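Here is a short report for a reader who is meeting this structure for the first time. Look over the sequence and the model, then read on.

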Amino acid sequence: MGVRFLVLVVLSVALMVVDARFTLLKPVRSQMSLVLMQTYWITDLPQRLFQGVASQFGSRTELAAENEKLKTENLLLQGRMQKLAALTEQNVRLRELLNSSALVNEKVEVAELIGMDPNPFTHRIIINKGERDGVVLGQPVLDARGLMGQVVELMPYTSRVLLLTDTTHSIPVQVNRNGLRAIASGTGNPERLELRHVADTADIKEGDLLVSSGLGQRFPAGYPVATVKEVIHDSGQPFAIVRAVPTAALNRSRYLLLVFSDSRTPEERANDAAQAQEAEQKGEAPPIVPATVPKPVTSVPATAAPAAATAVAPAPAAAEHKVVKKPAPAAAKPPAAAPATTRERQ
Amino acid sequence: MAGNHSRNGWIVWLTFAIGLLLSVSPLPQFMEVLRPLWLALLLAFWALALPHKVGMVTAWCLGLTEDVLYGTLLGQNALILALITFLVLSLQQRLRTFPMWQQSLVILVIFGLAQLAQLWLSALTGNRQPTLALVLPALVSALLWPWVSYGLRGLRRRFKIN
C-alpha cells in the first residue's frame, strides 16, 4: 500500500511539474474539461430554471414597466451615441492631424457567466464561451460598466476569467482627469483595488475615474476600471495609499462582453489604415492623385484661420507618409483593404 | 477500482458524481470558506466500507477531475485526495472500531493535514492564501462526517453494495 502511495505521489508531482512548465498536457486537460465543465452547467441549472419560470410568469404590468424603463434608457443611450459619433469623427481627424495611429474600434461579443471558482481565495469566474468561439488567452472581459478581467484558461466551450480584484492580478491604469499613470492591483476583496507606488505628491483625489491605459498591451485603452475611493497620505509611508472601487459589478454581473481587438502590431495597423484611407479617397476622386489633397485640411473650418495655419504644417507630412506607405499592393489587393475599412469605420 | 463481480457498484460512482457537483455548486459568499471537502468525505467512507474497491487509484483519478474543474495544476488535488485515502486506509482497522465522535476527530486531523499540504502546494504555484481559514473546511467536514457516514451506510445496506 505504501509503495502504491509513493508511486502516486511521484506521478502527481511529475504531472504538476509538466503542467506548470510545458504545454504537453493542455490537450488532455481540454478533452477532460469537455465533459467535466458540464458540472458547472448543471449546478447553474436551478438558477437558469428559476429565471425561465420567472420570465414565464412575469405579470403584464411588470413587463410593461420594464419595457418603459428600457425604452427610456435606450433613448438616453442613443442620445449619447449621437454625440459619440461626432466626437469619434473629431478624434479621428485630430489624430490624423497629429499623424498618430488611428483608433481602432473593438468588436465585442456577449458571454454568460456559468460558474464561480469554488476556491474563495481566488477571484475567477467561468463563462460559456471558449476556444471554439474564438476566445483567445488574455482576452479582456467587460461588463456594462467597466473592465472585469481577462481570460486565463481556455477550454473548448468554456473559459476561465481572472477578475481584476484577484490578488495575482494587476492592470495599468490612468487617471481620466489628468492622464496620471499607475498600476491597480487586486486585493482579494471584490470591492477594492489598490494603486501601487503612487507618489505622495501625485495629483490624484477621491472620485477620480481610472481608465485602462493600454500600456500593458493586454487591455484596450480607455475602458473604465475603477473610481478612487480614498487617498491616504501617511508620512510614515514612502507612497500614498490609494484605494479604488471597481466600476464593473464584479460579483453581480451575469452577462459579460468579450472584447475582440485585432492582433496587428501598431505599424501594421497604421499601414492598413493608410491603405484603407487611400482606397477611400480613390473611391471619392479616382483621377486625381490622392496624396495631393490631404483630407484633414479640407475638414478644418475655414473661419479658424490660425488653427488652419497650424493644421497645414503637419498635413503635408501626413501626405508624404501616405505616399511612402502606398506600395503596389494597395491597388493590387483591394480585398485586403476593404475589410480594414469596415473595421475602422464601424 | 470496480470489479466485474461487484454488485451495484454504479451507486458508488453516482455518489462521487454528486460529490463533484456539490464541490462546485455556488454558495453564498460567507459560506464559501466553509465548503466541506465532499469528495474527500465520500472517499473516506467508501475506502473504509469497500477497501477492495475504492482505493488510492480511484482517489487519484477523482483528484484529477477536480483539478480540471478548479483549474489548478493537474495532479495537485489528485495528490491531496490520494494522501487522504492513504491515511484513512492505513488507520482503517482502528477507525472501524471507533465510536462516531472519535472517527470525526481522526477525520479532522487527516483533513487538516491534507489542507495544510494543499496550502503548501498552492504556495508553490504562487496562490498563497493569506489566512489559515483553509483549515475551516476540515472542521466542517469533520462535523458532517457522522451524517455522511450514517447516510451512506443506509444507502449501502439498502442497495447491498459490496
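## Terms and model

Helices (H or I, at least four residues) and strands (E, at least two) are DSSP runs, numbered from the N terminus. This is a predicted model: local features need pLDDT of at least 70, side-chain atom pairs count only at pLDDT 80 or more, and totals for chains, interfaces and linings use all residues. Residues are numbered from 1 along each chain as its sequence is written, while chains are lettered from A and ligands numbered from 1 in the order in which they are written.

## Helix α1 of chain B

B:L22 sits in helix α1 (residues 9–24) of chain B. A residue is buried if 20 or more other C-beta atoms, placed from the backbone, lie within 10 Å of its own; it is exposed if 12 or fewer do, and partly exposed in between. B:L22 counts as partly exposed because it has 18 C-beta neighbours inside 10 Å.

α1(B) has 16 residues and spans 24 Å from first C-alpha to last. That is close to the expected 22 Å, where the expected span is 1.5 Å times one less than the number of residues. Its buried residues are B:V12, B:T15, B:F16, B:G19, B:L20, B:S23 and B:V24. Seen down the axis of α1(B), they fall within an arc of 165°, so they line one face of the helix. The arc is that of the directions from the helix axis to the C-beta atoms. The face turned away from the buried side carries the exposed residues B:L14 and B:I18.

## Where the chains meet

What do the buried residues of α1(B) pack against? They pack against α3 and β1 of chain A, together with α3 (38–49), α4 (56–70) and α8 (136–159) of chain B. Two residues are in contact if their C-beta atoms, placed from the backbone, lie within 7 Å.

The contact between the chains takes 33 residues from chain A and 31 residues from chain B. On the side of chain A, the elements that give two or more residues are α1 (2–21), α2 (26–36), α3 (38–56) and β1 (107–116). α1(A) gives the most, with ten residues.

## The barrel in chain A

Chain A has ten helices and twelve strands. Buried residues make up 27% of its 346 residues. A closed barrel of six strands runs β1-β2-β5-β4-β3-β12 in chain A, with antiparallel pairing. Two strands pair if DSSP finds at least two bridges between them. Strands of a sheet pair through backbone hydrogen bonds, either parallel or antiparallel.

β3 (residues 140–142) of chain A joins β4(A) through three antiparallel bridges. Here A:L142 has A:L147 in β4(A) as its bridge partner.

## Strand β5 of chain A

Is β5 (residues 159–163) of chain A mostly covered or uncovered? It is mostly covered: five of its five residues are buried. A:S159, A:V161 and A:L163 point one way, and A:R160 and A:L162 the other way.

β5(A) has antiparallel partners. Four bridges join it to β2 (residues 124–127) of chain A, and A:I127 stands opposite A:S159. Five bridges join β5(A) to β4 (residues 147–154) of chain A. There, A:L154 has A:S159 as its bridge partner. A hairpin joins β4(A) to β5(A) through four residues.
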